[in-house]
Amino acid sequence: MEITNVTEYDAIAKQKLPKMVYDYYASGAEDQWTLQENRNAFARILFRPRILIDVSKIDMTTTVLGFKISMPIMVAPTAMQKMAHPDGEYATARAASAAGTIMTLSSWATSSVEEVASTGPGIRFFQLYVYKNRNVVEQLVRRAERAGFKAIALTVDTPRLGRRESDIKNRFTLPPNLTLKNFEGLDLGKMDEANDSGLASYVAGQIDRTLSWKDVQWLQTITKLPILVKGVLTGEDARIAIQAGAAGIIVSNHGARQLDYVPATISALEEVVKATQGRIPVFLDGGVRRGTDVFKALALGASGIFIGRPVVFSLAAEGEAGVRKVLQMLRDEFELTMALSGCRSLKEISRNHITTEWDTPRLSARL
């Protein structure tokens with residue numbers, strides 16, 4: 001079967017992967033309402049295309065934190081990629097580099113920062129969970145810096161792990177042949193089988209629940225790397241992030257894996273963008289499956305988007321070639337959307353190119 005869109009990799013991954021692994025990647029928290037909403041909300045935004053504009057040349061290049069990339073489509077951090085394919089994060093790093101875009105490596109990767117750096121050149125960010133043991137955090141950030149990573153994406157929505165019922169049913173744990181490579185050799189306990197999710201038990205034991213805004217400032221004392229705050233969903237927190245010295249914000253609900261019934265990221269985006277008043281860039285992850293989704297996010301003020309599940313599903317299906325194909329398909333679709341909307345460069349994409357359900361005040365039904 002010829003793959004013609006990103007979503008088709010999901011079904012292939014489901015066939016290929018063990019149930020425990022597929023469910024870990026695919027599932028959301030509790031009722032999975034937000035998981036569905038991350039997709040559904042994009043469908044409620046419509047285009048207002050402009051016509052008779054010369055779109056013979058389309059420029060999708062952009063700059064993120066000073067780094068020039070080929071398109072505003074980047075790779076989000078997804079944990080334990082060797083569960084999907086033996087090449088794991090190596091394959092993803094090479095595919096992102098070949099596409100001329102940024103890869104974000106998860107703290108919980110099955111390849112270390114040094115191993116990913118060894119795959120060759122590329123712009124890479126490092127996603128950070130803050131452990132109770134701050135020496136471990138300091139060590140990890142310094143290692144990422146030494147390995148040539150260009151930014152820290154600090155995940156702030158996980159003081160505890162969301163209730164992912166598939167992982168509880170499956171007694172999720174890391175397969176015995178794999179380890180969380182960035183923590184190898186450190187006495188941090190293992191992700192063993194537990195009465196529910198092995199990952200939830202591991203997080204409860206290791207991740208620092210006292211994490212607060214002052215820790216964003218503390219991070220700036222141990223690294224010169226810019227810090228992106230990942231997991232912002234409100235204007236209030238966007239304003240505090242700026243005060244705390246964040247270099248950027250990622251509007252994220254953790255792929256709908258943390259608190260269920262939070263809004264889709266595309267629904268929360270505009271409030272966050274307005275609160276920042278252009279002072280720092282705002283990015284989005286969650287639910288992006290089409291080039292049209294990328295355009296909608298940029299029209300609502302995002303500087304770029306990150307994709308997660310499409311990467312692990314295509315990795316499971318076809319390894320590095322799959323990840324390359326996903327990035328190429330999204331690029332091609334995004335370019336087509338720009339052309340058909342009458343936009344020749346990213347700066348021409350504006351709020352006027354879309355209409356949303358919240359644009360027109362609803363008349364209350366009267367009896």
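Where is the place of His-254? His-254 is found in the loop between strand 9 (248-251) and helix 11 (265-276).

## Basis of the model

The model is predicted; local features need pLDDT of at least 70, side-chain atom pairs count only at pLDDT 80 or more, and totals for chains, interfaces and linings use all residues. Residues are numbered from 1 along each chain as its sequence is written, and side-chain values use heavy atoms, with hydrogens and water left out.

Helices (H or I, at least four residues) and strands (E, at least two) are DSSP runs numbered from the N terminus.

Most residues other than glycine have a negative phi. His-254, although not a glycine, has a positive phi of about 60 degrees. With a relative accessibility of 12%, His-254 counts as buried (under 20% relative accessible area; exposed is over 50% and partly exposed in between, with a 1.4 Å probe and protein chains only).

Leu-52 also has a positive phi, near 55 degrees. Leu-52 lies in the loop between strand 1 (46-47) and strand 2 (62-64), and at 87% relative accessibility it counts as exposed.

## Aromatic rings

Rings of Phe, Tyr and Trp (its six-membered ring) pair if their centres lie within 6.5 Å; planes under 30 degrees apart count as stacked, over 60 as edge-to-face and the rest as tilted. By this rule there are nine aromatic pairs. The centres of Phe-126 and Phe-149 are 6.1 Å apart and their planes stand at 85 degrees, so this pair is edge-to-face. Phe-126 belongs to strand 6 (residues 124-128) and Phe-149 to the loop between helix 6 (134-146) and strand 7 (151-155), so the pair ties together parts 23 residues apart in sequence. Both Phe-126 and Phe-149 are buried.

Tyr-24, Tyr-25 and Phe-172 are linked into a cluster by ring pairs. Arg-257 lies over the face of Tyr-24, at 4.7 Å from the ring centre (CZ of Arg or NZ of Lys within 6 Å of the ring centre and within 35 degrees of the ring normal).

## Helix 6

Helix 6 has 13 residues and reaches 18 Å from its first C-alpha to its last, close to the 18 Å expected at 1.5 Å a residue (1.5 Å times one less than the number of residues). Its buried residues include Arg-134, Val-137 and Leu-140. Arg-134 also lies over the face of Trp-218, at 5.0 Å from the ring centre.

Just after helix 6, Gly-148 takes a positive phi of about 90 degrees.
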